[in-house]
Each structure stands twice: as C-alpha cells, then as structure tokens.
Amino acid sequence: MNVAASIIPTTDFTPPDWLRECFTRRSLRVAQQGSPSPDEIPKDDDLICRAFDFAYQLHEGQYRASGEPYIAHPIAVAGLLRDLGGSSVMIAAGFLHDVVEDTEVTSEEIEQRFGPEVRLLVDGVTKLSKFNFSSKTERQAENFRRMFLAMAQDIRVIIVKLADRLHNMRTLEHLPDEKRRRIALETREIFAPLANRLGIGNLKWELEDLAFKYLENDAYREVQQLVAEKRIDRETRLSDVAQRFKERLDQLGVHCVEISGRPKHLYGIYQKMQRQQKGYEEIYDVAAIRVIVETNDECYRALAVVHDSFRPIPGRFKDYIGLPKPNRYQSLHTVVIGDQGRPLEIQIRTLEMHHVAEYGIAAHWKYKEGGSNSSLTTTDEKFTWLRQLLDWQNDLKDAQEYLESIKDNLFDGDVFVFTPRGEVVPLSPRSTPVDFAYRIHTEVGNHCAGAKVNGRMVQLDTTLRNGDIVEIITQKNSHPSLDWLNFTVTTGARNRIRQWYKRSHHDENVARGRELLEKELGKNGFEALLKSAPMLTAAERCNYHSVEDLLAAVGYGEITVNLVINRIREVVKAQQPLAKLADSLDSKILLPLPSSLRSLPPAPSSKSPIAGVEGLLYHIAGCCNPVPGEAIIGVVTRSNRGISIHRQGCPNVDQVDGDRLVPVSWNPTTHSGGRPQVYPVGIQIEVIDRVGVLKDILSRLTDNNINVRNAQVKTFPDQTAVIDLGIDICNHAQLEHTFTQIKKMTDVLNLRRVNQVED
C-alpha cells in the first residue's frame, strides 16, 4: 500500500487548517531534505501525515451513520488530542485508533510502520470485537479490563479513548434510540467520571451534558431554556460585580490575570436542583465569578478582598489549594451575598491551577515546557485509584460485580478523610473504617482488627466524617467478618468481603468444580482434558490464571458449567488437531448432547411423559429426580414398583446389572393443555448470612414462576448459612435458567442440586 502521499486529499471532506499546515510543513521539509529512510521512525509532522495517509486509505469507502466519510471521525479525534496538547504519537494514535478493529491491519503492522508507542495506544482503545462473550455485560467488562491494563502501561491510552468517546457523543443523534441510550449511559457512568478522575474538566462537563441530552431529553431542554432566558440578566449582573472587584484588587496591588463569569454546565445545574429539591431560581451558583491571579499568596489576598467587599455565607468556604481534590483540582471557593441580596459563588486560583482544572493531566503536556507525554506513570500518587482497579482485576471475575466496582471507585466521594500520613482518601457518605481499609488496599481490609479515628479507638461500624484522621490496626491472623456486610456501604468493600469468603473455601470449591465438570463431560479423558492446553486457554478466556482457579469458580457458582464447556468448545474448534481429545469425552465438547442420548430414536407422542414404558408401571427415581431435557435411563426394580426412571450418570445406576436397564427418553409433549407437568428438584444454597437473603432468593424464584414446596434455613454464628429448597421444575432448561439467576446474586457462595424425595 502506498502511503507516501505529499498532499492531503480533499475529494470528499474538508480537512481542518491544522492538518493542512502539517502537510505543508512536511512537503517543505521533504523538498529540502528528501524523503526519510523507510527504516526510520518518522517524527512530529512526518508521523502525523503518515498516520493520516494510512488511515485515509484504509477507511476509504467507509461511511458513518451520518453519511459522512468515516475518516472525518479519526480526524476529529486527532484534533481533540492536539487541542489537549498531545504529542505526535498521540495524534497519530487518534488517526489510527479504529484501523485494527475495522480493517484487516494487525497491531504488528501498526508497530512496524509507526513504532511501539503508537501500537500501545491503539491496542489500548481497540475493543474486543473478535471474541465471543455470553452477554453485553461480559463484553463491556472485558473491554474495561483491557483498557485499564493498557492505562497502567501508558496513561495516554485513556486520553485517546476519551477523545474518541467525546466525538462519538457529539454525533450520537445519527444512531438508533436504543444504542444512543446505551452509549450515553456508559458515558455518564464510566467515561465522564474517568475524565473527572484525570481532572479534565472540559471533557467531563461536555460528556455529562451530552449524556444528559440523550438520557433525560425533556429535563435537558427545560434546563437549557431556563439558562438561556436568564443569560442576559445573569451576564450583566456578573459583569458589574467583576468590574468593581477588579478595581479593588488593582488598588491593593494584586495583579489580576483574568476575571470573568463562569456558567455552570447544564447537567451540574440539574443535579443540584434534584439533590436539593429546589427550583432553578433558587440555585445560587448557576454562574460564578472566576478570578485568576499569579501566585498562591495572591489567591488568599484576593479572598480577603472578597470577604471585605461582600458578606460571606458561613460554612460555604472551601480551600482546595491547601487541600486539593484527588484529581489535583486546586482553587478557593467562597459564597457571598452579592448585589440584590442574592448568593454569589467566587472561585480564585492561579493560572497554573486553572490549566490543571481545565485539562487535568493533559496540562502536564500542554503547559509544561520540556515535559514528555509519557513521563506520567501509574506510580504517581494521583493514580492510586487506577492501581486499585488493577488490583481488583484478578479478584472480581463476575462481569456485573466488576462494573459496579469500577463505578464505585471512579466517582469522587462526598466525605474526605486522612491517613495518619496526611493523605486524602475520598469515600462515600456513611462510610466506615472498614470501607476506608478496603479503599487503601484489599489486604489492609482483609486483616483489619480495629481502627482509630482522630487518635481514639472506635467500633468498626463508626460513621466517618469530613476531616477525620483514620488509622487501621491490622493483625496477621485477622480476617473479615460476615457482620461487616451489615454496615459497609462501598461496593468495593462489600465485594472484597464476599471474595475472601469464597477463597477461604478454595479446596472444597475446587473439588466441587471438578465434580460438576466431570459429571457433564464424563470420566473418559477428563483428567487429560484438565492438563491440556485447550483447558488452560479456556480458563484464560474466562479471566482465570489457572485451571484450578477456574474449577474453584465453578465450585462456588461464580461461573456456570455451561459457560466453561462453551469456552472449551470454542478453543477446540479453533484447534482442529485437538479434536481427538473431544472424541474421548463422548463428543460433549464439540456437540451439545451426549452420544447416548443422540442415539435414541425420536419417541412418538404419548400421554405419558416417558417414551419406552408405554403400558408399564414406572416412577421417577427420588435419588436423582430427573427432569425433561436430561438424559435418562430406566431400571427394572426388584420390588413391585415397576421401572424406576433415573438420570444417566446417577451413582445408583452404576451398581445395576446391564440386563435390568431399559432405554427410555422424554416425550416431546409432557402435558396436554392446562398447567404444565412439574417435577420436584432439591437445591442447596450456601449464602452469606444477612437479613433478607432468603426473601431475595424467593423473589427471584417467584419472578421466574417457580413454585417452592419447602424451605429450610440453617445458620451458624459468624459463618455462612445453608438454605435447602424444594422447588417444582418443568424441564432442564428452566432449571438451568433458575440456577443462573440465583448464582448472579452476590451473597450466594455455592449452589448445588441435591436429592429431593417426592411428596
């Protein structure tokens, strides 16, 4: 492919001026010095132009939902990165961020043409579109896992991703309504908080407003109209106050770089109206006056002028210079009574603080001379939240729990407490020392034995307040208590506690997982499968480091047997030489049903649910309680009870002589009109003991139209509880669905089928 074009094509779109200038400078340099060597990685304008050339040719003939050429999107993303002060590497990644996903180009080719830095950034934002996932939630979780891992290698990955998301949000109106809402919700819950964590206020505000527009359009238009109607009055009032204030600062020798009104973004106004249950006219900080001075000392001198000129409102002063926000935001905020007796917010900061407030970590590149784009690493204190997310990658395999933990960790808390060394830790309202311990580190929480707040020993369920100094006392032999779940409020802490209890029963869970998997796949070749490369690959596809970890997860219900078998099947199909291994397992990996069941001829329709026992006395065996959809076998009893119907693989059948076995199967129709025939099934659920857990389980069963015959709960002090349920099931598919629904509950540690003797 020839990508050495010297002038920018303009046939189907209008390129921005900055891109034209890049090509012009490049053409002049080539004319003066000649073309660079093919083996030389190009720099600056050369790299940017080469990346554009490559992306333009690869995306040629592709169009967006709006009908415009697809190349307009990479150009817009690259332009946003340029505005944020990104280097040529970041801008090149902006042009190329979709080529691996949308074309046949590989990551290796990106590295060969543009270097390892560009490849790293492109890989970081590339979605996992070529893998199969069981749900949208699983796909979303995997995308975020991959993105955060890439961020750990180079924080610039998320800047590229945010630029990509912002332009997609700006053009969201061209997508179907359902897709618009999904993308907007993800933007509000993940990407806007990410921009906030990185301190990029400009991106955060626009992302929130755009998500607001598509998620609550009526409210968005109402707030937009209210702001527009009051704009002239607001700007006149702020302009008068700003002019008077500037004159006072000049008189006292405080150099004011800039003073202006700052409108609050629409979603921020809406949030405050909802949170405070007030009308628009009652929100005092719809707009604020922003004062920018030269030094920290002048910030406090300007504050004195404000409080001398206007009457301050008690309790409405915040010093974010002495105590910066976790995202490095610094400013003095004060609310005073302004003209006409109306409250007015005033923000005071230096020019450098202003750049950080607007551009966050990007200010490190945009405004710092000689700064390298890659000089920010996740070892910096400002990225503690990212390191914690990475620590949780290995602990949380459930996609829903992982996404909840991300959201919980990304949002800044309303309560700010201190470590004994003076580090600020943001927490959610009503947080306790246990929430604090797990926010510091998982191991600190797991070994928490006590806590001191402001130098005094307190109970672990004590509610923390702003400014508290919290010290966690740890002991090697201490471990989480189930009682902690009754007072912890952060998702991260609650998930860590549950995970500890799951891991503490690791050995028995591994054994249980082996048993469940072996029952489905058969004993033939099972041990060989566990030691095989496909099994390890399947474990990794399920986000487990080893086969043992996968078995443990199956044992305590974190992942279903069917999902594991599907993963193995995908791997084996992709590696055809390994098909013999599948054959040794009765073809259960490659085929959904066991061969013994497939060999049975289709049974004719009958009033009896069992085909093969017509005219004979039979009963469903109480030792295994088979249900329609499961492979069954008949056993001629030695008593006068006729034929006993068992599940294939039932241990009691293994002891029966072959001449007593009768081939049977389920009839396709097991009822004729009216209510479907049901079969008793016993299940045992190990749960974290808390108030209401049985009610929640029964609600799930009710939602799925499952009748509960009986229920028994066994509880033990400071241990897990065991719930035995007898339920009525129509068929195996309904049973599997019921198991899946119950296993999704975070308090469920283990779920297994047990004998349930018929009434």
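**Close-up views of a predicted model**

**View 1. The whole chain.** The chain exposes about 36,000 Å², and carbon and sulfur atoms supply 48% of that area; such areas are Shrake-Rupley values with a 1.4 Å probe, and for residues only the protein chains shown count as cover. This is a predicted model, in which local features need pLDDT of at least 70, side-chain atom pairs count only at pLDDT 80 or more, and totals for chains, interfaces and linings use all residues. Residues are numbered from 1 along each chain as its sequence is written, and side-chain values use heavy atoms, with hydrogens and water left out. You'll find 32 helices and 21 strands here (DSSP runs numbered from the N terminus: H or I of at least four residues for helices, E of at least two for strands). Buried residues make up 50% of the chain's 759 residues; buried means under 20% relative accessible area, exposed means over 50%, and partly exposed is in between, with a 1.4 Å probe and protein chains only. Take the contacts (heavy atoms within 4.5 Å) between residues at least 6 apart in sequence: 67% of them join residues at least 24 apart.

**View 2. The largest nonpolar core.** A nonpolar core is a set of buried Ala, Val, Leu, Ile, Met, Phe, Trp, Tyr and Cys residues joined through side-chain atoms within 4.5 Å. The largest one here has 64 residues, and F95, L96, I110, I159, L162 and M169 touch the most other members. Helix α2 (residues 44-58) gives this core its largest share, nine residues. Zoom in on F95: leaving out residues up to four places away in sequence, F95 touches W18, L19, I48, A51, F52, A55, P74, I75 and A78.

**View 3. An arginine in a helix.** R512 sits in helix α23 (residues 506-521). R512 counts as buried because its relative accessibility is 11%. Skipping residues up to four places away in sequence, R512 touches G555, N750, R752 and R753.

**View 4. Two asparagines with positive phi.** N454 isn't a glycine, yet its phi is positive, about 55°. Look for N454 in the loop between β9 (448-453) and β10 (456-458). N454 is partly exposed, with a relative accessible area of 44%. N625 isn't a glycine either, and has a positive phi of about 45°. The loop between β13 (618-620) and β14 (632-636) holds N625, and N625 is buried, at 2% relative accessible area.
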